[in-house]
Amino acid sequence: METILLIAVIVAFFAWRMKPVKGVNTISTAQLKIMLNDKDKVFVDVRTPAEYKARNVKQFKNIPLGSDLSKLPKGKEIVDICQSGMRSKQACNQLKKLGYEQVTNVRGGMSAY
């Protein structure tokens, strides 16, 4: 019985972590590739500088999670990416709390790219 309860808690935790943030768009890496040259979007990679240096997409600016995101322009859509989509989801949540309206998370992150 305890094992079943533990498994249920783990499944619920992962389901909660995977649910989209309210008001945040989620796109696939295929959709990202189509929009990479859009000048009306700001592309932000929230991975560590070492991760970014090892592999990156040139349109993305490296601003690690935990940095001051409030300096990003509010009039443009902010597209966040990380390694798996989890840190960028957190960054999207922070941006929404700062009042940004157009926020997009890349599902699967660089692992899916």
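Two strands are said to pair when DSSP finds at least two bridges between them, and the strands themselves (E, at least two residues), like the helices (H or I, at least four residues), are DSSP runs numbered from the N terminus. The views below come from a predicted model, in which local features need a pLDDT of at least 70 and side-chain atom pairs count only at pLDDT 80 or more, while totals for chains, interfaces and linings use all residues. Residues are numbered from 1 along each chain as its sequence is written, and side-chain values rest on heavy atoms, with hydrogens and water left out.

**View 1**

**View 1. Strand 2 is covered on both faces.**
A residue is called buried when its relative accessible area is under 20%, exposed when it is over 50%, and partly exposed in between, using a 1.4 Å probe and protein chains only. By this scale, five of the five residues of strand 2 are buried, so this strand is largely enclosed by the rest of the structure. Lys41, Phe43 and Asp45 lie on one side of the strand, with Val42 and Val44 on the other, and all of them are buried.

**View 2. The largest nonpolar core holds 14 residues.**
A nonpolar core is a set of buried Ala, Val, Leu, Ile, Met, Phe, Trp, Tyr and Cys residues joined through side-chain atoms within 4.5 Å. The members of this core that touch the most other members are Val44, Leu69, Leu72, Ile78, Leu95, Tyr100 and Val103. A second, separate core has eleven residues, including Ile27, Val57, Phe60 and Val79.

**View 3. Glu77 is a buried residue of strand 4.**
The relative accessible area of Glu77 is 13%, which is why Glu77 counts as buried. A contact here means heavy atoms within 4.5 Å; when neighbours within four places in sequence are set aside, Glu77 is in contact with Asn25, Asp40, Lys41, Val42, Gln102 and Thr104.

**View 4. Thr29 and Thr48 sit in a helix and in a loop, respectively.**
Thr29 belongs to helix 2 (residues 29-35) and is buried at 12% relative accessibility. Apart from neighbours within four places in sequence, Thr29 contacts Val106, Arg107, Gly109, Ala112 and Tyr113. Thr48, in the loop between strand 2 and helix 3 (49-54), is partly exposed, with a relative accessible area of 34%. Its C-alpha atom is separated by 5.3 Å from that of Pro64, although the two residues are 16 residues apart along the chain, and, with neighbours within four places in sequence again left out, Thr48 is in contact with Asn62 and Arg87.

**View 5. Two lysines lie over tyrosine rings.**
A charge is taken to sit over a ring if NZ of Lys or CZ of Arg is within 6 Å of the ring centre and within 35 degrees of the ring normal. The charged end of Lys33 is placed over the ring of Tyr113, at 4.9 Å from its centre, and Lys74 lies over the face of Tyr100, 5.1 Å from the ring centre.

**View 6. Cys82 and Cys92 are buried without forming a disulfide.**
A disulfide is a covalent bond between the sulfur atoms of two cysteines, and it is counted here when a pair of cysteine sulfur atoms is within 2.5 Å. By this rule there are zero disulfides, because the sulfur of Cys82 is 9.2 Å from its closest cysteine sulfur, that of Cys92, too far for a bond. Cys82 has a relative accessible area of 0%, and Cys92 likewise has a value of 0%.
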